[in-house]
Amino acid sequence: GDSLVNLDYLPDPLEAGWKGESVCETLHDDAYQRVLRCTFPPSVGHERHYHDRHFGYVIAGGRMQITDSTGTRVVEPATGGHFESDGIDWHEVVNTGDSTATFLIIEPK
């Protein structure tokens with residue numbers, strides 16, 4: 001990868017990883033939607049990235065620390081829960097719990 005940091009460029013959730021390792025994989029991608037599965041073992045996170053509009057499903061819950069423009073908070077998404085967003089300018093997360101957290105991210109195109 002390129003070691004230069006471009007502060008004007010943020011990766012999307014698939015491009016962003018953690019310490020050089022991917023955390024999301026593409027399960028489906030077509031003209032209408034993209035579906036990602038993002039897996040975070042304990043102490044693994046997701047480096048700063050943006051999100052387009054999306055729906056999320058919690059395959060395996062955990063304790064996640066989220067940092068965004070409003071500050072840092074800890075959330076505990078429950079297994080089987082879901083969330084939606086109109087888009088996120090930027091955030092970064094890290095799994096501060098002791099179990100692996102896994103999420104489906106479904107992005108309409």
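This is a predicted model: local features need pLDDT of at least 70, side-chain atom pairs count only at pLDDT 80 or more; totals for chains, interfaces and linings use all residues.

Me: How many aromatic pairs does the structure hold?

Reply: There are two aromatic pairs in the structure. In one of them, the ring centres of phenylalanine 40 and phenylalanine 103 are 6.1 Å apart.

Me: Why is the pair of phenylalanine 40 and phenylalanine 103 called tilted?

Reply: The planes of the two rings stand at 55°. Stacked pairs have planes under 30 degrees apart and edge-to-face pairs over 60, the rest being tilted; the pair is therefore tilted.

Me: What makes this pair a tie between parts that are apart in sequence?

Reply: Phenylalanine 40 belongs to strand E4 (residues 33-40) and phenylalanine 103 to strand E11 (residues 101-108), so the pair ties together parts 63 residues apart in sequence.

Me: Why does phenylalanine 40 count as buried, and why does phenylalanine 103?

Reply: Buried means under 20% relative accessible area. Phenylalanine 40 has 3% relative accessibility and therefore counts as buried; phenylalanine 103, at 8%, also counts as buried.

Me: Why is the pair of phenylalanine 83 and phenylalanine 103 called edge-to-face?

Reply: The ring centres of phenylalanine 83 and phenylalanine 103 lie 6.3 Å apart, with the planes at 70°. Planes over 60 degrees apart count as edge-to-face, so this pair takes that name. The pair links distant parts of the chain, with phenylalanine 83 in strand E9 (residues 82-85) and phenylalanine 103 in strand E11, 20 residues apart.

Me: Why is phenylalanine 83 called partly exposed?

Reply: The partly exposed class lies between under 20% for buried and over 50% for exposed. Phenylalanine 83 has 30% relative accessibility and therefore counts as partly exposed.

Me: Why is serine 85 called buried, and which backbone nitrogen lies 2.9 Å from a polar atom of its side chain?

Reply: Serine 85, in strand E9, has a relative accessible area of 15%. Buried means under 20%, so serine 85 is buried. The backbone nitrogen is that of glycine 87.

Me: Which residues make the nonpolar surface patch of about 230 Å², and why is phenylalanine 55 called partly exposed?

Reply: The patch is made by Phe55, Tyr57 and Ile59. Phenylalanine 55, placed in strand E6 (residues 54-60), has a relative accessible area of 31%.

Definitions and conventions:
Residues are numbered from 1 along each chain as its sequence is written. Side-chain values use heavy atoms; hydrogens and water are left out. Patches are made of residues with over 30% relative accessible area and no salt bridge: like charges are joined within 9 Å, nonpolar side chains (Val, Leu, Ile, Met, Phe, Trp, Tyr) within 5 Å. Accessible areas come from the Shrake-Rupley method with a 1.4 Å probe; for residues, only the protein chains shown count as cover. A salt bridge is a side-chain nitrogen of Lys or Arg within 4 Å of a carboxyl oxygen of Asp or Glu. Helices (H or I, at least four residues) and strands (E, at least two) are DSSP runs, numbered from the N terminus. Buried means under 20% relative accessible area, exposed over 50%, partly exposed in between (1.4 Å probe, protein chains only). Rings of Phe, Tyr and Trp (its six-membered ring) pair if their centres lie within 6.5 Å; planes under 30 degrees apart count as stacked, over 60 as edge-to-face and the rest as tilted. A polar contact is a pair of N or O atoms within 3.5 Å; within protein, one must be able to donate a hydrogen and the other to accept it, and residues adjacent in sequence count only if both atoms are side-chain atoms.
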